[in-house]
Amino acid sequence: MNVPAFQRATRSAILLAALGAGVGALLSACMTDSKGSGSGSSAGSLKITEIHYNPASQDTVSGDDYEFIELKNTSSSSIAIGGYAFTDGIQYTFAAGTAVPAGGFVVLASNAARFQERYGFAPSGVYEGHLSNSGETVVLAKSASGAVVASVSYGGGAWPSGADGGGYSLVLKKSASDYSATSWRASYRLHGTPGKDDGGVVLVNEVLTHTDLPKVDAVELFNYGEDTAHIGGWFLSDDKTYPKKYRIPAGTTIPPMGYVVFDETNFNAHPGTLGNFRLSAHGDDVWLFQDSTGCSGGYCHGAVTTEIENGVTFGRVVTSDGRELFLAQKAPTLGAANVGPRVGSVVITEIMYHPANDTDEYVEITNVGAQPVALYDTLRLLNTWKLKGLSFNFPAGITLAAGERVLVVPASATKARVRSAYGIDTSVRIFEAAGKLSNSSETVSLERPFDPFIDPGSGTSDSTLPYILMDRVSYRDSDAWPKSADGEGYSLERKKNDEQGDDPANWKAVLPSPGH
């Protein structure tokens, strides 16, 4: 590559676990063993290459209606499969004369209408039954009682959460020589890729938006795939509705599990001219587009950033329930694996969002560090921290001692009532907020004030007070969140204070212990 600002690096597949994308050991199976023992090699060229056994539901439509299973002819010649039958797990017999061309696919679905609605084409056929969400053996034989062609036994604790109701399918790796656990991964794309290879995706992975010269803004792309990604002619933009800004030079590639970094010497080489852009430190978008049609016609991936300190990057984080977040990182690692989100010394440690009486709510905030923390700007004393979700701004002059816990409660509950209800010691400070927590879902975020600025695009000379995210919890009364915290008398308690809070895996249901 002739662009000097590009930086590349490769990393081993263990990075997948750090990205939380749900890649890991998935299945136990054998192509030549009808018992699915997990031993043996892939002797045949007709392979089961994708299984969507527990799709995500959509609106009122059950995920079972979006199931599918995919076969691929990996040889250079057509394969006749008339009379072949799925005999276990699901039931389907291929009609006489059916053949799969060289390199071709066959996709069977559980519901033809729903499949076409989601994927835009009709499946090759509709099978009877459903793929079990908890695990079973799926067998393809040469006839209803004939020799086994492929047998896959799936299920067990090694499964990736993304493929088990999270919206992703199971995909056979190109390097697979059998159907053993290490031969499978979660699909790169949401809902899988029936009828074609799951060729991987290129992701916006880390973004630097606040810099002073000689440092410049930068965008890191990550090839989350098994094959080299050819991204020459793709576009980078700061506007999702306007893809055609910076065009990536022809011939640009990213190796598997590798990185490439573009900075302002690339996408803002001629400031102020058409197609050039720079990123705002006060929050911006970064989008990668496969072509000029943008997200409406082709592949795209983007990051939305917020206010950030100088020199701090945003990095991609995937939570245990499959959500993609861009969070401030512990340190910049452009061109290499992200080191993970930073966690401050003041964090949200307990949330009672749905008490049994629907009144005595609270959010507990704790200084888990070794030093006092002022919940205000020490240069501008009236600019204080705030807790969104309860619509609360801390009063001026509040400082949390090391280890101190404070509570924020709805004014409708009152401090006195909450203190009495939970037996809270009088030494614990309680603040009343204007808002109230939702019983179903809410994003509760702790934010601190940053340096005021005048926005030239606002048309006024008034300064804007930005806030920097310090901690956030987006709880729900369903999915991966503890069910007993939803009106059954339990609260949500953070498990590890030094790990980011916006992940259900870091929360558990406990008997209320505010201030303790």
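Predicted model: local features only at pLDDT ≥ 70, side-chain atom pairs only at ≥ 80, totals over all residues.
Which residues of the largest nonpolar core touch the most other members?

**Close-up 1. The largest nonpolar core.** This core has 34 residues, and V204, L221, I231, L236, I248 and F262 touch the most other members. Two or more residues each come from β15 (201–208), β16 (218–224), β21 (258–263), β22 (285–289) and β25 (324–328). Strand β15 gives the largest share, five residues. Have a look at L221 too: its contacts beyond four places in sequence include V204, I231, L236, I248 and F262. Another core, of 31 residues, lies apart from this one, and V346, I348, I365 and W385 are among its members.

**Close-up 2. T305 in its loop.** You will find T305 between β23 (300–304) and β24 (313–318). T305 is buried, with a relative accessible area of 5%. Leaving out residues up to four places away in sequence, T305 touches V207, T209, G283, D284 and F314.

**Close-up 3. The salt bridge of E309 and R448.** Here the closest N and O atoms are 2.8 Å apart. E309 sits in the loop between β23 and β24 and R448 in strand β36 (residues 441–449), so the pair ties together parts 139 residues apart in sequence. E309 is buried at 14% relative accessible area, whereas R448 is partly exposed at 21%.

**Close-up 4. The salt bridge of R494 and D471.** The closest N and O atoms of this pair are 2.8 Å apart. R494 belongs to strand β40 (residues 491–494) and D471 to strand β39 (residues 467–476). Both R494 and D471 are buried.

**Close-up 5. A salt-bridge network.** D321, R323, R472 and D502 are linked in this network.

Definitions and conventions:
Residues numbered from 1 in each chain as written. Heavy atoms only, no water. Core = buried A, V, L, I, M, F, W, Y, C linked by side-chain atoms within 4.5 Å. Buried < 20%, exposed > 50% of the residue type's maximum accessible area, 1.4 Å probe, protein only. Helix = DSSP H or I, 4+ residues; strand = E, 2+ residues; numbered from the N terminus. Contact = heavy atoms within 4.5 Å. Salt bridge = Lys/Arg side-chain N within 4 Å of Asp/Glu carboxyl O.
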